[in-house]
Amino acid sequence: MRMSLSTGNALPVALLAGLALLPFAAAAADEPFFTAFFARVLIYAIAATALNVALGLGGLVSLGHALFLGLGMYSVALPAHFGIANGWIHVAACVASCGVVGILTGYVSLRTSGIAFIMITLAFAQMGYFLIVSLKQFGGDDGMAIPVASEFFGFSLGSPDSVYGVAFCLLVALTVWIARLRSAPFGMTLRAGRQNARRVASVGLSLSRYQLTAYVLSAILCGLAGMLLANLNAYASPSSMSWMVSGELIVMVVLGGMGSVFGPFLGTVAFLGIEEMLKAVTEHWMAVFGILILAVALLGKAGIAGLLARSGRSNSPARKGAKGPLLAESGVQP
Amino acid sequence: MTFSLLLAQLLNGLQYGVLLFLLAAGLTLVFGIMSFVNLAHGSLYMLGAYAAAVVTGATDSFALGVFAALATGTVVGMLLESAAVSRLYRRDHLDHVLATFGLVLFFNEMTRMIWGPQPLFVALPESLSGTIDIFGFSYPAYRFLIIAVGLAVAIGSSWLIHKARVGMLVRAGSVNPQMVGALGVNIRLLNAMLFALGAALAALAGAMAAPILSVQSGMGEPVLITTLVVIVIGGIGSVSGAFYAALIVGLTDTLGRTYLPLLMREFASRDVANAAGPALASMLVYLLMAVVLAVRPQGLFPAHKG
């Protein structure tokens, strides 16, 4: 596939390159806060990219992805609680739990569509949330500290720097994979189904199987983000499974640009960046933020990626009408 | 002893169920007829509770507090409808989720800004704070009032939808809005009225719940999600479905929390039962919803269309 650099994806690529150097700069400036903050950005970007597989490509509005983030966190926290530090066991627990829960909830949820699908995914996430809250022996409402970090053949995720490195590599790999997936038969089928499910069915493809696969893949990837988050915070709490987190993930994807390659990454940077800036200005930042989200919803959903692609197009009139190769789903609304 | 416990739990479940119905009635109409996902419905409930708490505290009259909640719900509902919601009807559900999620954050933070993070409490008037004896069993009078108000709203809304002219227009509008509009009915005004009515009912639920809960920022979200479960079980857009489903969910949740841990002690060791009982009880309504959906994706009592 063509990976040419247009104006549209020059910015995100430059941003990623900058982030690759960030831990070194932060260490040189003796500002470890930045490494930890941007590690969180990278982790949420992974989760948003994961959600984008279901939401952006498949059009599945899941308001319950925090469930998988939480499953990922607790697949580190629970083994660690019993003294198991082997990261491969954590990964196996994460993939297995997210996979099984994803298949079960996805199977039931995909029997419905539209409003009902949104509410069902939300309800399943709440179910997981209340399950964790009521398990008092594992901290319940307060969450639990994680005494030992995941360890892979001697490489420990105990420090923010190592989490940062792994998160960065995973995000880059995921982004490249999404770029290929979008134009692979699998991605094409999903995107076609988002536009017209009946036509996909008439071609002879079973859309719901593709959607279930996308949902489960998205769940597992989101779980991996949860694992990294648990290691970064050395803490797992049910509050990161609350439905607010699911909503925030959706905002990140839509803010960046649904279905685009770099959209979720850009959206996460914008979301957490704005959040951090507003926090510095006022303790009631959430009121301002709420209005901002409302404005984004009212203005349409091409997102930042769509804006960049559009500005890229108007700068080079020769390519006018040509689609930005990587960015902006055709759902860009005038 | 066990019989009076059962009776108390049944009444508690009934009372929880009618509160859920007050929330679900407005939400299911907005879902079913305007096809609009309103996550901010819980915020209207919260605003109703705050209005009741503030006005009751200032005037010492709970009746005035309830009236203030109804007024707040209607006004805020109308403002929301004209400023944001009416622009979103034609957009897809994702935009609805996004916009109303923003509103939830906004309203939660606004209440925290104005009234602070400490919860407010509502004192009941003397006449309502006593208990009523039936067959030698006493139950708080106020909870009976909640049940009565809920049942009255159920009867009223059923009359409105099936007998009144406005209800007929609403039903017609849900089937074919273009045709109703072509016949000279102002469908936008109808939608706005419906939204405001739903908002007023949510605020009423908040005001009724205020004396038995603590009124605080974010109180709307847990109940909103349970309301969504009610609507899915009842069938989206069906008010009678919402009524039956609200009672089913209210009773299942209340009885489950009381009896499930007891029941599990019969089968499992005490430790396992103590751990798993409450966990299972808190998941019970969601499990119920999953089972209903797996068997009947359209809900138990779907609205009759066409």
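The paragraphs below go from the interface to a helix pair.

This is a predicted model, in which local features need pLDDT of at least 70 and side-chain atom pairs count only at pLDDT 80 or more, while totals for chains, interfaces and linings use all residues. Residues are numbered from 1 along each chain as its sequence is written, chains are lettered from A in the order in which they are written, and side-chain values use heavy atoms, with hydrogens and water left out.

Where the chains meet, 45 residues of chain B are in contact with 46 residues of chain A, contact meaning heavy atoms within 4.5 Å. The area buried between chain B and chain A is about 4,000 Å², and carbon and sulfur atoms give 82% of it; buried area is the accessible area (1.4 Å probe) that two parts lose on being put together, summed over both. Leu94(B), Leu98(B) and Phe101(B) supply 17% of the area that chain B buries against chain A, more than any other three residues.

Across this interface of chain B and chain A the rule finds zero salt bridges, a salt bridge being a side-chain nitrogen of Lys or Arg within 4 Å of a carboxyl oxygen of Asp or Glu. On the side of chain B that touches chain A, helix H4 (93-115), helix H10 (220-234) and helix H12 (270-295) each supply at least two residues, and H4(B) gives the most, with 16 residues; helices here are DSSP runs (H or I, at least four residues), numbered from the N terminus.

Within chain B, helix H1 (residues 2-34) and helix H11 (residues 239-267) pack at an angle of about 145°, with their axes 6 Å apart, where axes are lines fitted to C-alpha atoms over the stretch in contact and angles run from 0 to 180 degrees between N-to-C directions.
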